[in-house]
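These are my notebook entries on a structure that I looked through. I took up aromatic rings, a helix and salt bridges in turn.

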Amino acid sequence: MTAEDLPLQFARTKRFSLGVPRGFTVSPDGERVLFVRTASGRSTTGLLWLHENGGERLLADPLALGADGEVPEAERIRRERARETSGGIVSYATDTAVRLVAFALAGALWTVRTDEGVPRPIPTRGPVVAPRPSPDGTHIAYVSEGALWVVRADGTGDRALAEPEGPEITYGLSDHVSSESLERTRSFWWSPDGSALLVVRVDNTPVQQWYISDPAHPERPPRAVRYPAAGTANARLSLHVVGLDGGRVDVALPEKAESHPDGEWTDPAFEYVVHAGWSEAAPLTVVQTRDQRSAYLLRVDPATGATTTLHHLKDAAWLEFVPGTPASTTATGLVLTTQEGTRGLLMTATGVRTPEGMYVHELLGTAGGRLYFMAAEEPTEAHVWSYDPGSGFARLTDEPGVHHAAVGGGTVVLDSLTPDGRTVTVLRDGVPAGRIQVLAERPVTRPRPRFLTLGERELRAALYLPESYEPGARRLPVIVHSYSGPGAQKVVKAAMWHHPVNQWFADQGFAVLAVDGRGTPGRDRAWETAIHGDQLMPVIEDQADAVRAAAELFPELDTGRVAIRGWSFGGYLAAGAVLHRPDVFHAAVAGAAPTDLRLYDTHWKERFLGHPDVQPDHYERCSLVAHAHKLTRPLMLVHGMADDNVAPAHMLRFSAALLAAGRPHTVLPLAGETHLVAQEGVIDTLLRLDLDFIKKSLDHRTV
């Protein structure tokens with residue numbers, strides 16, 4: 001029997017994500033911790049678990065409940081936006097006390113009480129998406145076929161609160177931009193007393209319609225999607241306070257920002273709802289302008305819908321918001337994102353800001369008047385911090401890694417991803433009170449990254465050398481595997497999936513280099529905004545500089561044989577590198593690359609490049625299609641043909657431009673695959689094909 005290698009294990013474990021506990025909710029008294037986890041590192045069915053009194057207890061198993069079948073289309077889209085790789089119970093919601101839990105299985109509504117542990121189905125009139133109990137646990141709101149419904153927790157009184165006025169209108173569901181680019185996956189929120197909900201209404205009518213077909217199944221009709229490409233119309237969003245008594249109040253959102261920053265392109269019209277929810281007394285929302293350089297934090301009068309501006313946030317480049325903000329506590333007041341040369345937090349009641357040089361990744365929550373957040377002082381690490389006015393700032397984690405947390409009462413659930421793996425520790429009043437099991441498999445290939453700081457810009461990088469390599473024995477061809485785009489870091493001291501994958505490539509006889517260049521998070525605002533107006537060339541230059549600097553430290557790196565591979569923005573970087581810097585990069589594998597940036601969504605592309613009709617040179621400079629004639633190196637393009645994030649049109653248009661310019665290249669279409677390729681037999685084979693292509697391409701070069 002042949003031993004399972006890293007690519008096959010990688011596929012069967014869904015990138016080592018199976019068996020990982022996630023979605024932690026801590027009760028206000030700190031006694032109970034809810035979470036989702038599959039039964040093993042190979043199971044793809046999510047189960048609902050409870051940690052209490054130092055031990056774990058299974059609350060709901062979809063297989064035991066006999067809940068199978070297709071999920072509603074709205075839920076399928078939600079899971080695709082979240083890059084969900086498992087099935088079963090993938091999300092849930094609770095009442096304030098964390099006693100009643102609601103979740104959906106194959107469109108059916110289920111509840112379970114943490115003090116009873118017996119799941120029961122709740123009858124509804126239609127398929128259920130995003131169920132959420134009221135704070136007191138007496139009602140459950142959910143979305144069905146674009147309408148917002150509510151049912152009593154005992155299964156009676158199921159009724160619609162807000163119904164769509166047309167086929168392209170929904171209540172309580174997120175539009176494409178909000179879920180994909182703003183990461184706002186929720187679109188309705190209960191009032192603290194449970195008498196009303198704040199709801200987002202989405203009108204997709206203005207948004208252009210695209211069609212995603214499956215060429216492998218010509219008998220199936222194409223799937224229509226509303227996709228707001230750069231420069232085109234967004235969905236129209238509005239907010240409404242909907243009462244359980246049938247009343248409805250429309251929120252009077254402002255039309256445009258006043259005293260707006262100047263620029264080559266300015267659009268002060270408010271088109272984005274970044275955040276919404278309730279404080280103790282009234283709803284709060286954050287709305288952002290089309291050009292993303294102004295945002296208002298608004299308080300809403302739930303009786304009249306009138307709004308009061310609490311803060312006007314502005315930035316010369318673009319506003320980027322710390323997840324979890326705004327929030328409020330009695331001790332700190334409102335907690336806001338700051339934009340003054342850093343990414344930090346401002347406590348309005350005290351005027352205190354997070355320390356200079358600290359990069360805040362996320363506001364984790366508040367408990368007992370104390371604020372918890374995740375922040376970095378060094379880009380390759382992220383730690384859990386707390387703040388209260390009495391004792392100030394304190395760091396809760398010490399070991400190098402990426403640490404996250406959920407809080408409630410005196411309990412902190414510490415989710416720590418270190419170089420040795422993941423541990424989840426339950427702390428009560430700062431003292432360990434148990435652990436939550438991590439059932440994920442350890443990679444059969446043990447990664448051995450060497451973390452480096454390279455060049456004048458102090459680029460953070462990780463270098464992987466073959467396990468059997470002896471210095472001076474031979475020169476090693478190089479594979480650069482970077483993402484290096486906004487919103488993600490790859491060079492971190494944590495057991496993330498790309499480390500064993502990079503080590504596997506290294507063990508095939510390569511030196512593998514990963515680099516986080518300009519535009520990546522974790523450093524400061526100047527680093528992130530260095531790509532404003534040019535999202536390609538600064539990133540390529542950082543990769544090229546890193547290759548040269550690494551070769552100076554490690555002479556065994558053969559800079560005459562350098563390949564580059566990546567996916568999504570990393571694929572865009574890989575293809576751009578062989579187009580613009582063939583002197584450094586001699587072959588590329590580009591997966592799911594956005595090659596024509598006018599085809600990517602409004603919020604994400606206009607943030608960096610402006611409006612394509614006003615600043616077309618930005619898009620011309622950064623798009624790959626316009627530069628196809630420059631290709632002189634081997635290039636393989638890979639794309640999922642069901643991808644509705646980076647549409648297959650990106651690959652096809654680029655390939656057509658390459659053919660028109662007489663530039664040979666390789667195209668690998670993945671039938672039925674979306675933006676996240678995780679299917680066994682596809683992702684494992686793809687890793688081997690990447691390796692074969694790179695070997696053949698570099699072997700043809702003169703050493």
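Entry on aromatic rings. I paired rings of Phe, Tyr and Trp (its six-membered ring) if their centres lie within 6.5 Å, with planes under 30 degrees apart called stacked, over 60 edge-to-face and the rest tilted. By this rule I noted 15 aromatic pairs. Phenylalanine 10 and phenylalanine 16 make a tilted pair, 6.0 Å centre to centre with 55 degrees between the planes. I call a residue buried under 20% relative accessible area, exposed over 50% and partly exposed in between, with a 1.4 Å probe and protein chains only. Phenylalanine 10 and phenylalanine 16 are both buried.

The model is predicted: local features need pLDDT of at least 70 and side-chain atom pairs count only at pLDDT 80 or more, whereas totals for chains, interfaces and linings use all residues. Residues are numbered from 1 along each chain as its sequence is written, and side-chain values use heavy atoms, with hydrogens and water left out.

I next looked up a stacked pair. The ring centres of phenylalanine 373 and tryptophan 385 are 6.5 Å apart and the planes stand at 10 degrees, so this pair is stacked. Helices (H or I, at least four residues) and strands (E, at least two) are DSSP runs, numbered from the N terminus. Phenylalanine 373 belongs to strand β30 (residues 370-376) and tryptophan 385 to strand β31 (residues 383-388), so the pair ties together parts 12 residues apart in sequence. Phenylalanine 373 is buried at 0% relative accessibility, and tryptophan 385 is buried at 10%. Phe373, Trp385, Tyr387 and Phe393 form one aromatic cluster.

Entry on charges over rings. I required NZ of Lys or CZ of Arg within 6 Å of the ring centre and within 35 degrees of the ring normal. The charged end of arginine 523 sits over the ring of tryptophan 527, 3.7 Å from its centre. Arginine 525 lies over the face of tryptophan 318, 5.6 Å from the ring centre.

Entry on helix α11. Which residues of α11 are buried? I found His650, Met651, Phe654, Ser655, Ala657 and Leu658 to be buried. Seen down the axis, the buried residues of α11 fall within an arc of 160 degrees (taken from the directions from the helix axis to the C-beta atoms), so they line one face of the helix. The face of α11 turned away from its buried side carries the exposed residues Leu659 and Ala660. With contact meaning heavy atoms within 4.5 Å, the buried residues of α11 pack against α8 (569-580), β43 (635-640) and β44 (666-670). Just after α11, glycine 662 takes a positive phi of about 70 degrees.

Entry on salt bridges. I counted a side-chain nitrogen of Lys or Arg within 4 Å of a carboxyl oxygen of Asp or Glu. A search of the whole structure finds 52 salt bridges.

Arginine 76 bridges to glutamate 73, the closest N and O atoms being 3.0 Å apart. Both lie in helix α3 (residues 73-81), 3 residues apart, about one turn of the helix.

Aspartate 175 pairs with arginine 184, the closest N and O atoms being 3.8 Å apart. Aspartate 175 is buried at 8% relative accessibility, and arginine 184 is buried at 6%.

Arginine 223 forms a salt bridge with aspartate 644, with 3.5 Å between the closest N and O atoms. Arginine 223 lies in strand β18 (residues 223-226) and aspartate 644 in the loop between β43 and α11, so the pair ties together parts 421 residues apart in sequence. Arginine 223 is partly exposed at 23%, whereas aspartate 644 is buried at 7%.
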